[in-house]
Amino acid sequence: MIALVLFLAVSGSFLSSGMLLVQGASWGMVGLGYVAGGWAGLAVGGLLLALWRLLLNVPALSNLTPAEDRS
């Protein structure tokens, strides 16, 4: 789960800062876009994951334990 959260934040950061660089924004705006894109990636990705789990009845990751630990 941690890897997924990190992937969402980093991909949002690089996508937004890359788009701003291509459009010719200043370095300050690119920096702000990097930070804001990370938070936006987390928020949008978190909402999509929550909707996916809600609609497909996917069990919570905390309920999944190996068979050896269920004694």
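Trainee: Why is Ser 13 called buried?

Mentor: Ser 13 has a relative accessible area of 6%. Buried means under 20% relative accessible area, exposed over 50% and partly exposed in between, with a 1.4 Å probe and protein chains only; Ser 13 is therefore buried. The model is predicted, so local features need pLDDT of at least 70 and side-chain atom pairs pLDDT 80 or more, whereas totals for chains, interfaces and linings use all residues. Residues are numbered from 1 along each chain as its sequence is written, and side-chain values use heavy atoms, leaving out hydrogens and water.

Trainee: What does the side chain of Ser 13 reach?

Mentor: It reaches the backbone oxygen of Tyr 34 at 3.0 Å. A polar contact is a pair of N or O atoms within 3.5 Å; within protein, one must be able to donate a hydrogen and the other to accept it, and residues adjacent in sequence count only if both atoms are side-chain atoms. Leaving aside neighbours within four places in sequence, Ser 13 is in contact (heavy atoms within 4.5 Å) with Tyr 34, Gly 37 and Gly 38.

Trainee: What makes the pair of Phe 14 and Tyr 34 edge-to-face?

Mentor: By the rule, rings of Phe, Tyr and Trp (its six-membered ring) pair if their centres lie within 6.5 Å; planes under 30 degrees apart count as stacked, over 60 as edge-to-face and the rest as tilted. The count comes to one aromatic pair. The centres of Phe 14 and Tyr 34 are 5.9 Å apart and their planes stand at 65°, so the pair is edge-to-face. It links distant parts of the chain, with Phe 14 in helix 1 and Tyr 34 in helix 2, 20 residues apart.

Trainee: Why does Phe 14 count as exposed, and why does Tyr 34 count as partly exposed?

Mentor: Phe 14 has 53% relative accessibility and therefore counts as exposed. Tyr 34 has 37% and so counts as partly exposed.

Trainee: Which residues of helix 1 are buried, and how do you know that they line one face?

Mentor: The buried residues are Leu 8, Ala 9, Gly 12, Ser 13, Ser 16 and Ser 17. Seen down the helix axis, they fall within an arc of 135°, so they line one face of helix 1. What covers them includes helix 2 (27-56).

Trainee: Which residues of helix 2 are buried, and what do they pack against?

Mentor: Val 30, Gly 33, Gly 37, Gly 38, Gly 41 and Gly 45 are buried in helix 2, and the buried residues of helix 2 pack against helix 1.

Terms used: Helices (H or I, at least four residues) and strands (E, at least two) are DSSP runs, numbered from the N terminus. The arc is that of the directions from the helix axis to the C-beta atoms.
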